[in-house]
Amino acid sequence: MKQLRNTVIRAGLETLYFSGAHHLLRPIFAGVATVFMLHHVRPRRTVPFQPNHHLEVTPEFLRMTLAHVRARGIDIVTADEMHRRLAGQDFSRRFACFTFDDGYRDNRDFALPVMREYDAPLTVYAASDFAEGMGRLWWVALERVVAATDRIEAAIGGTAVQLDTATLEGKQAAFTRIHNLLRGLADDRDVAREMSSLCKRYGVDEAAISSELCLSWDELKSFAADPLVTIGAHTIRHCNLAKQSEAEAQREMSESRARIENTLQRPVVHLAYPYGDRSAAGPREFALAAAAGFKTAVTTRPGMIFPEHAAHPTALPRISLNGNYQTARMLPVLTSGAATAMWNGLRRVDVN
Ligand SMILES: [Zn+2]
C-alpha cells in the first residue's frame with residue numbers, strides 16, 4: 001500500500017515536472033515561504049532493507065536543495081526571523097526555513113557542514129528523552145527487529161501476527177503491517193510496551209538506539225552554540241500529543257521547553273509536533289502550543305506558507321525532503337507549491 005502510494009506520488013510529481021504545469025501554478029501556489037522538513041542527513045547506506053529510508057537524505061541532496069533555493073533568490077532564515085516576517089507581514093522577499101526533527105547526531109556531522117557552505121541557518125527540534133539517552137525510537141527498533149529475524153510471531157494490541165520475514169519483500173510487508181498496528185494503538189505507552197517485548201524476543205538492544213543516533217545534552221550544548229543553529233522542542237517522550245489528555249499534552253510541551261532552556265541556557269520558542277499529521281496535531285494542540293509560549297510550531301501537513309498563516313503561527317505546514325525522491329527535478333516541483341496544492345485540494349491554508 002505504501003509502495004503504491006509512493007508510486008502514485010512519484011507519478012504525480014513527474015507529471016507536474018514534464019508537463020511544465022508547475023511553472024504555471026507557481027505564482028498561485030508557491031505562497032510566500034517554504035518550511036523544509038528533514039530528519040536524518042547522512043551518506044546512503046547499502047543494506048537493502050531500509051523501511052525508514054524516507055526519513056533520510058544524503059548530504060549531496062541537501063546541497064542540491066540549498067543551491068536550488070539560493071538560485072531562486074530565496075532568503076534562508078532562522079525560525080525567529082520566520083516568525084518576525086510572519087508577524088510583521090513582511091513578505092517583500094520569499095524565504096525558506098530548514099527544519100530537522102528528532103535531534104539526530106548526523107544533523108551536526110553531515111547537515112551543519114553543508115548548511116555552512118551556504119551560510120544557511122537551521123532549526124533542530126530535540127525530544128528531551130532522546131537527548132537523555134532514554135528515548136524510544138520505536139520505528140528504528142522495529143526496523144532492527146524485522147532485519148534480525150526470518151519470522152515474527154507476536155500479538156500486537158491483541159492482534160496475532162505470524163509473518164515470514166526471510167525475504168526482502170517479506171520484511172517490507174511485515175514492517176508495514178506492524179508499523180500500522182502500532183500507530184493504531186491508543187497511546188504511545190502501548191507502543192513502547194509492545195515494542196519492548198518485540199525487542200526482547202528478537203534480541204534488539206532498544207535502549208541503545210537513542211544514544212547511538214541522537215545528540216546528547218552535552219553535544220546539544222556545543223551544537224547550539226553555533227550561530228547557525230536554533231534548537232526547538234519536540235516534546236519529552238516524542239509522543240502523539242492528540243492522544244494525551246489536555247494536561248498531559250500541555251506538560252509535554254512546556255516541560256520539554258523548560259528542560260532544553262535549563263540545559264542550553266537559551267530561549268526555546270519553536271516547536272515541532274511529533275508525527276505532526278492530522279491524527280497527532282489539531283486545533284487543540286495549536287492553541288496549547290501558543291499558550292505555552294511557542295512563537296511558531298510546525299506540523300507535517302504538506303503545504304507552503306501563505307500570508308494567511310500569520311494568524312496561525314503554531315499550525316505551519318512543511319515540505320518534506322523525502323529520501324525516496326532525491327532527484328534534482330523534484331525540487332522545482334516542490335518549491336512551486338504545485339504538488340502540495342494538488343494534495344490539499346487547492347486549499348492554501350489548512351488549520352482545522
Ligand atoms: Zn519526530
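## Basis

The model is predicted: local features need pLDDT of at least 70, side-chain atom pairs count only at pLDDT 80 or more, and totals for chains, interfaces and linings use all residues. Residues are numbered from 1 along each chain as its sequence is written, and side-chain values use heavy atoms, with hydrogens and water left out.

## Zinc site

D102 (OD), H234 (NE2) and H238 (NE2) coordinate the zinc ion at 2.1 to 2.2 Å. Donors are N, O and S atoms within 2.8 Å of the metal (3.2 Å for Na, K and Ca); water is not among the atoms, so sites may look incomplete. Along the chain the donors are spaced as D-x131-H-x3-H. D102 belongs to strand 5 (residues 95–102), while H238 sits in the loop between strand 9 (229–233) and helix 12 (246–264), so the pair ties together parts that are 136 residues apart in sequence. Helices (H or I, at least four residues) and strands (E, at least two) are DSSP runs, numbered from the N terminus.

D102 is buried at 3% relative accessible area, and H238 is buried at 5%. Buried means under 20% relative accessible area, exposed over 50%, and partly exposed in between (1.4 Å probe, protein chains only).

## Helices 7 and 8

Helix 7 (residues 138–148) packs against helix 8 (residues 168–183) at an angle of about 145 degrees, and their axes are 10 Å apart. Axes are lines fitted to C-alpha atoms, for helices over the stretch in contact, and angles run from 0 to 180 degrees between N-to-C directions.

In contact (heavy atoms within 4.5 Å) are W138, W139, L142, E143, V146 and A147 of helix 7 with K171, A174, F175, I178, H179, L182 and R183 of helix 8. These residues divide into nine nonpolar, one polar and three charged. Ala, Val, Leu, Ile, Met, Phe, Trp, Tyr, Cys and Pro count as nonpolar, Asp, Glu, Lys and Arg as charged, and the others, Gly among them, as polar.

## Salt bridges

The structure holds 31 salt bridges, each a side-chain nitrogen of Lys or Arg within 4 Å of a carboxyl oxygen of Asp or Glu. One of them joins D109 to R108, with the closest N and O atoms 2.8 Å apart. D109 is partly exposed at 37%, as is R108 at 28%.

In helix 12, R251 and E255 lie four residues apart, about one turn of the helix, and their closest N and O atoms are 3.1 Å apart. R257 and E261 are also four residues apart in helix 12, with an N to O distance of 3.3 Å. R257 counts as buried at 18% relative accessibility, whereas E261 counts as partly exposed at 23%. Salt bridges that share partners link D129, D187, R189, R237, E248, R251, E252, E255 and R259 into one network.
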